[in-house]
Amino acid sequence: MANSIRSRAPEDIHLERFVEASQSPETRLTHSAVIGARKQSVEDPERFFSPFVLEWMQNKGYEAEAKLVDACYSWHRSSDERGLSQQQRRDGNNKMLRYLLDELLPWHRDHYDLSTLDINRPVDHVRGFTRETLVALFANIESQEMRRDHAEELGPEHPRASSTDDVECFISCVRDQLGAAGQEIDLKALGHCWRTICNEFTKRIDDDLPFYYWSSRHSRFREGEEASFDILPEGSVPRLQRLPVSRRESAGQFVAARSQLPARGSLTIRTQFHKAVSELPPPPGHSSRDV
């Protein structure tokens, strides 16, 4: 999502305002999060769509950017934040859905009928999102709300409702005992572990046994009732509201000797000793000793 906005933002979104936000110490927004330097980072998009950036945009009067951050943050916390009721999670998903439909189907608030959508309208870069991101958002929101409605009518899902069939379950038992996929398995090892494999498979398909027999033997479980994900433990702060301050990367933080601070992802001195950096070859006509 953040990468889509960075690569091709809609006309009403000005990325310069996110750069301006990174200069403020209140937003905790880093330069790496603004430019997307780490493609596989999870923390950088959370900084990009954080509640601190949302509050800063609202105080500055940047309505379009604040609306974008609010929609993305509400959708994220509805799925990944502890301490929210089911109604709050539904409201967060609906806020993101309305934000997308305001451009894709402007009359949806008065007449919510998806059959009136123009099938010839391109869906690339709606609100700045690519077609793949847009389809993933719609599928995620609708599937969550559908499961939530079914849970209210029929009760919670059975733990094995989303599991695969018994054949794949047996194959997973074999892999648990004999090694990961791709590893060579001989007939002698299979015969040695055959009784254990059959016993574990029998436990997993037995409805009268506890839940942990239906999962891999490498997973950890404990008996008794677990704390509800909808209840925030007393004295704790929601995860998305406790982003750490990066003293080295945040331009809004005044730090002495910033360049001397250790960079994230860099190897330690000990690791560099064992993993030497690949050097360039010497120029033509020169030996390595001359260089």
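Helix H5 is followed by Gly-61, whose phi is positive, near 85 degrees. The structure is a predicted model, in which local features need pLDDT of at least 70 and side-chain atom pairs count only at pLDDT 80 or more, whereas totals for chains, interfaces and linings use all residues. Residues are numbered from 1 along each chain as its sequence is written, and side-chain values use heavy atoms, with hydrogens and water left out.

The secondary structure of the protein chain comes to 11 helices and zero strands, where helices (H or I, at least four residues) and strands (E, at least two) are DSSP runs numbered from the N terminus. Of the 291 residues of the chain, 30% count as buried, a term that denotes under 20% relative accessible area, with exposed meaning over 50% and partly exposed the range in between (1.4 Å probe, protein chains only). Among contacts (heavy atoms within 4.5 Å) between residues at least 6 apart in sequence, 60% join residues at least 24 apart.

The buried residues of H5 are Pro-51, Phe-52, Val-53, Leu-54, Trp-56 and Met-57, and these residues pack against H2, H4 and H6. Two packed helices are described by the angle between their axes and the distance between the axes. For H5 (residues 51-60) and H6 (residues 63-80), the axes come within 9 Å and cross at roughly 155 degrees; such axes are lines fitted to C-alpha atoms, for helices over the stretch in contact, and the angles run from 0 to 180 degrees between N-to-C directions. H5 and H6 are therefore roughly antiparallel to each other, given that angles under 35 degrees count as roughly parallel, over 145 as roughly antiparallel, 65 to 115 as roughly perpendicular and the rest as oblique. H5 passes H6 in a left-handed crossing, a label that applies if the near helix is turned anticlockwise from the far one by less than a right angle, right-handed being the clockwise case. On the H5 side, Pro-51, Val-53, Leu-54, Met-57 and Gln-58 meet Glu-65, Ala-66, Val-69, Asp-70 and Tyr-73 of H6. By class, this contact of H5 with H6 has seven nonpolar, one polar and two charged residues, with Ala, Val, Leu, Ile, Met, Phe, Trp, Tyr, Cys and Pro counted as nonpolar, Asp, Glu, Lys and Arg as charged, and the others, Gly among them, as polar.

H6 also packs with H7, at an angle of about 140 degrees and with the axes 8 Å apart, and the crossing of H6 and H7 is left-handed. The residues of H6 in this contact include Lys-67, Leu-68, Ala-71, Trp-75 and Arg-77, and those of H7 include Arg-89, Gly-92, Met-96 and Tyr-99. The residues of the contact of H6 with H7 divide into six nonpolar, five polar and six charged. Asp-91 lies in H7 (residues 86-104) and, at 39% relative accessibility, counts as partly exposed. The C-alpha atoms of Asp-91 and Trp-75, 16 residues apart along the chain, are separated by 8.8 Å.

A search of the whole structure finds 14 salt bridges, each defined as a side-chain nitrogen of Lys or Arg within 4 Å of a carboxyl oxygen of Asp or Glu. Glu-65 forms one of them with Arg-17, the closest N and O atoms being 3.1 Å apart. Glu-65 lies in H6 and Arg-17 in H2 (residues 15-22), so the pair ties together parts that are 48 residues apart in sequence. Glu-65 counts as buried, at 0% relative accessibility, whereas Arg-17 counts as partly exposed, at 25%.

Glu-20 forms a salt bridge with Lys-60, with the closest N and O atoms 3.9 Å apart. This pair links distant parts of the chain, Glu-20 being in H2 and Lys-60 in H5, 40 residues apart. Glu-20 is partly exposed, with a relative accessible area of 31%, and Lys-60 is partly exposed, with a relative accessible area of 44%.

The side chains of Glu-46 and Arg-239 likewise meet in a salt bridge (3.1 Å, N to O). Here the distant parts that are linked are H4 (residues 43-48), which holds Glu-46, and the loop between H10 (187-204) and H11 (269-274), which holds Arg-239, the two residues being 193 residues apart. Glu-46 counts as buried at 11% relative accessibility, while Arg-239 counts as partly exposed at 33%.
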